[in-house]
Amino acid sequence: IGPEGAKLIGQALRNSVNASLTELSVADNNLGPSGAQAIAEGIKATKSLKKLDISNRNGSSSGDIKSEGAKYIAEAIAVNASLTSINLSDNLIHSEGAKALAPALRDNTSLTYLW
């Protein structure tokens, strides 16, 4: 779906009155940092989402969310109390992205699974 598709999904999450969506997988969709930002903005607004898979196992480094995208996801984790599981694997997050995620993970009391 790439970054443009992620923007549409993020917008739908922000504007949705759908309180029943509990899982979202945008894995292997070449989101890149801007796609991660769009999804993160949607995550901030949704109250029902429990599981998010934003992994990038397709081997394309251009689709990785990288450290920049991890920062956006960290911002969403910090304010979302419904997420229990997030898959960020294979995204070249590196230490800079991990540094951004650490405080959000420390303060979030709902997450039980992160990989």
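This is a predicted model: local features need pLDDT of at least 70, side-chain atom pairs count only at pLDDT 80 or more; totals for chains, interfaces and linings use all residues.
Local features need pLDDT of at least 70, side-chain atom pairs count only at pLDDT 80 or more, and totals for chains, interfaces and linings use all residues. Residues are numbered from 1 along each chain as its sequence is written, and side-chain values use heavy atoms, with hydrogens and water left out.

**Stop 1: the sheet.** Show the strands (DSSP E runs of at least two residues, numbered from the N terminus). Four of them form an open sheet in the order 1-2-3-4, with parallel pairing (strands pair if DSSP finds at least two bridges between them). Strand 1 (23-25) and strand 4 (113-114) stand at the edges with a single partner each, so one side of each lacks a neighbour in the sheet. Now select 85-87, strand 3, which pairs with strand 4 over two bridges. S85 stands opposite Y113.

**Stop 2: the aromatic pair.** The whole structure holds one aromatic pair.

**Stop 3: salt bridges.** There are seven (a Lys or Arg side-chain nitrogen within 4 Å of an Asp or Glu carboxyl oxygen). Select K71 and E96: the closest N and O atoms are 2.7 Å apart. This pair links helix 3 to helix 4 (residues 94-107) (helices are DSSP H or I runs of at least four residues). Finish at D28, D53 and R57, linked in a salt-bridge network.

Methods:
Rings of Phe, Tyr and Trp (its six-membered ring) pair if their centres lie within 6.5 Å; planes under 30 degrees apart count as stacked, over 60 as edge-to-face and the rest as tilted.
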